[in-house]
Amino acid sequence: MNARQTTAEVVVVDYGLGNLRSVTRGLERAGAEVTLSADPADFGSADGIVLPGVGAFSEGMDNAGPFREALEAEAEAGTPLFGICLGMQMLLTTSEEADHEGQGDAEGLDLVPGKNVRFSRDQTVPHMGWNELDVQRDHPLVEGVDGEYAYFVHSYYAVPDDEAAVVATTDYGTDFASIVANEDGNVFGTQFHPEKSGETGLQILRNYVDYCLDQR
């Protein structure tokens, strides 16, 4: 009998935006074998796909356009797809950010139906710094992190159509979804940066790597 492979092969999507070096290093520390790729053909052989992101929603979706069909296909196939920060927001259907910036409509991936909305004028934006995770429901990604702190930098947050898509919340004047997941559980995202969140972030990345192995 063949021994179970203990290294998850993860593709980090290089679409021109994102903290690629830090994300790659974090995943490697968590035990993954990481390929940084701008070729959707690499997705099919991966145990997991990570969609990082730093920047504006419209620019992110413009850059990610060539990857849309491949990401949708992998999500449908059950591949663990992990969006980080802007990458998480791109999993949703749309965002107020495009209208706010005068860029018109921008369509997200719609893998977790919902909308990204801007914090109210009463709140300082961006929301920046360490804040607490309040786990709302079971999901492999959040094993061992309830009540722990993660590092955020964002002005918009996700409002899924289905409340069941909210895996964890964080309080910043309002309770917002800091981790979301689709109905099947294989598409999920964190509004915070796990690669910048110390031991809490490393635990989440380890949870992701373990989940990729379990889904193989």
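Predicted model: local features only at pLDDT ≥ 70, side-chain atom pairs only at ≥ 80, totals over all residues.
How many salt bridges does a search of the whole structure find? Two. The other one joins the side chains of Arg-216 and Asp-47, at 2.4 Å from N to O. Arg-216 comes in the segment after helix 6 (198–215), while Asp-47 is in the loop between strand 2 (32–37) and strand 3 (48–51), so this pair ties together parts 169 residues apart in sequence. Is Asp-47 buried or exposed? Asp-47 is buried, at 14% relative accessible area, whereas Arg-216 is partly exposed at 44%.

Staying with charge, the chain carries 12 positive and 38 negative side chains. The centres of those two sets lie 7 Å apart.

Now let's step back to the overall fold. The chain has six helices and 13 strands. Its radius of gyration is 16 Å, close to the 17 Å from the globule rule for 216 residues, so the chain is as compact as a globular protein of that length. Buried residues account for 54% of the 216. As for contacts between residues at least 6 apart in sequence, 71% join residues at least 24 apart. Finally, the accessible surface is about 9900 Å², with 41% of it belonging to carbon and sulfur atoms.

How values were computed
Residues numbered from 1 in each chain as written. Heavy atoms only, no water. Helix = DSSP H or I, 4+ residues; strand = E, 2+ residues; numbered from the N terminus. Rg over C-alpha atoms; globule rule 2.2 N^0.38 Å. Buried < 20%, exposed > 50% of the residue type's maximum accessible area, 1.4 Å probe, protein only. Contact = heavy atoms within 4.5 Å. Areas by Shrake-Rupley, 256 points an atom, 1.4 Å probe, with all protein chains shown as cover. Lys, Arg positive; Asp, Glu negative; His and termini not counted. Charge placed at Lys NZ, Arg CZ, Asp CG, Glu CD. Salt bridge = Lys/Arg side-chain N within 4 Å of Asp/Glu carboxyl O.
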